[in-house]
Amino acid sequence: MRHRPWISQHYHIRQGLARDIARLARILSGTANGVVLAGGGAKGFAHLGVVKALQEFSIPIDFLGGTSVGGLLAASISFDQPLDIMHQHLHQAALFNPTKDYSWLPLISLIRGKRIDQMIQETVRAFIGNSEVGIEDMWLPLFTISSNFHQAREEIHTRGPLVKYLKATTAIPGVFLPVIDGDNLLVDGGIFNNFPADIMRQMPWAK
């Protein structure tokens with residue numbers, strides 16, 4: 001989509017995969033299901049239990065959105081991997097300890113951010129073998145939320161570098177470095193919208 005800016009929305013369909021066709025049918029008929037995951041630090045991993053419960057009741061997930069750790073979990077779900085594989089990759093991600101990356105002169109942030117950057121890149125790479133993927137390339141439509149420190153507003157990310165905007169949505173001010181995006185500084189999305197269910201309702205795919 002980044003090379004075709006005139007396209008507002010697209011959906012990925014894998015040949016021979018019935019659940020992709022079923023998802024497209026729900027989208028076209030207006031009966032698709034959107035799931036929004038909130039921020040909350042380490043508690044965000046409880047979202048895995050929600051995903052498991054939805055699967056046990058055969059409730060499909062068609063769209064995803066999230067803020068902060070909810071954005072990380074939403075991105076993991078949007079890779080459309082089996083739950084046990086997702087649990088394995090996220091368990092490895094949880095072993096990263098960003099507190100071992102203190103800034104010796106914390107003028108901007110307490111943590112330099114190298115370890116969390118490595119964690120996000122390696123987690124994305126573990127899912128698909130490539131950390132250069134764009135948000136628009138996910139199997140399930142996805143958005144994340146960050147807070148625009150310069151413009152004092154929320155930013156909605158539906159396309160662009162996945163790793164960059166996952167860093168932005170989790171960049172707790174004063175703790176992690178903000179993410180530079182053009183002339184703007186992006187920080188943790190929970191400042192403006194920790195549970196962006198309202199954004200999900202506004203998305204073109206949810207109408």
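These are my notes on a few spots I looked up in this structure, which is a predicted model.

**Aromatic rings**

I began with aromatic pairs, and a search of the whole structure turned up 1. The partners are Phe79 and Phe127, with ring centres 4.7 Å apart. Stacked or edge-to-face? Their planes sit at 15°, so I put the pair down as stacked, the cut-off for that being under 30 degrees.

Phe79 belongs to the loop between helix H3 (69-78) and helix H4 (83-94), while Phe127 is part of helix H5 (residues 114-128). The pair therefore ties together parts that are 48 residues apart in sequence. Are the two residues buried or exposed? Phe79 has 5% relative accessibility and counts as buried. Phe127 is buried too, at 7%.

**Ser78 and Trp139**

Then I moved to Ser78, which lies in helix H3. I found it buried, with a relative accessibility of 0%. What does Ser78 touch, leaving aside its neighbours within four places in sequence? I listed contacts with Leu64, Met138, Trp139, Leu140 and Leu142. One of these, Trp139, is 61 residues away from Ser78 along the chain, yet their C-alpha atoms are 5.8 Å apart.

I stayed with Trp139 for another look. Arg14 lies over the face of its ring, 4.2 Å from the ring centre.

**H5 against H6**

I went back to H5 to see how it packs with helix H6 (residues 162-169). The axes are 10 Å apart and the angle is about 135°. I therefore noted the two helices as oblique to each other. The crossing of H5 and H6 is right-handed.

Which residues meet there? From H5 I wrote down Asp117, Ile120, Gln121 and Val124. On the H6 side I have Leu162, Val163, Leu166 and Lys167.

I located Ser68 in the loop between strand E2 (63-67) and H3. With a relative accessible area of 10%, Ser68 is buried.

Buried or exposed? At 52% relative accessibility, I count Ala152 as exposed, since the cut-off is over 50%.

Terms used:
Residues numbered from 1 in each chain as written. Predicted model: local features only at pLDDT ≥ 70, side-chain atom pairs only at ≥ 80, totals over all residues. Heavy atoms only, no water. Phe/Tyr/Trp six-rings, centres within 6.5 Å; stacked < 30°, edge-to-face > 60°. Helix = DSSP H or I, 4+ residues; strand = E, 2+ residues; numbered from the N terminus. Buried < 20%, exposed > 50% of the residue type's maximum accessible area, 1.4 Å probe, protein only. Lys NZ or Arg CZ within 6 Å of the ring centre and 35° of its normal. Axes fitted to C-alpha atoms, helices over the stretch in contact; angles between N-to-C directions. Parallel < 35°, antiparallel > 145°, perpendicular 65-115°, else oblique. Left-handed = near helix turned anticlockwise from the far one by under 90°. Contact = heavy atoms within 4.5 Å.
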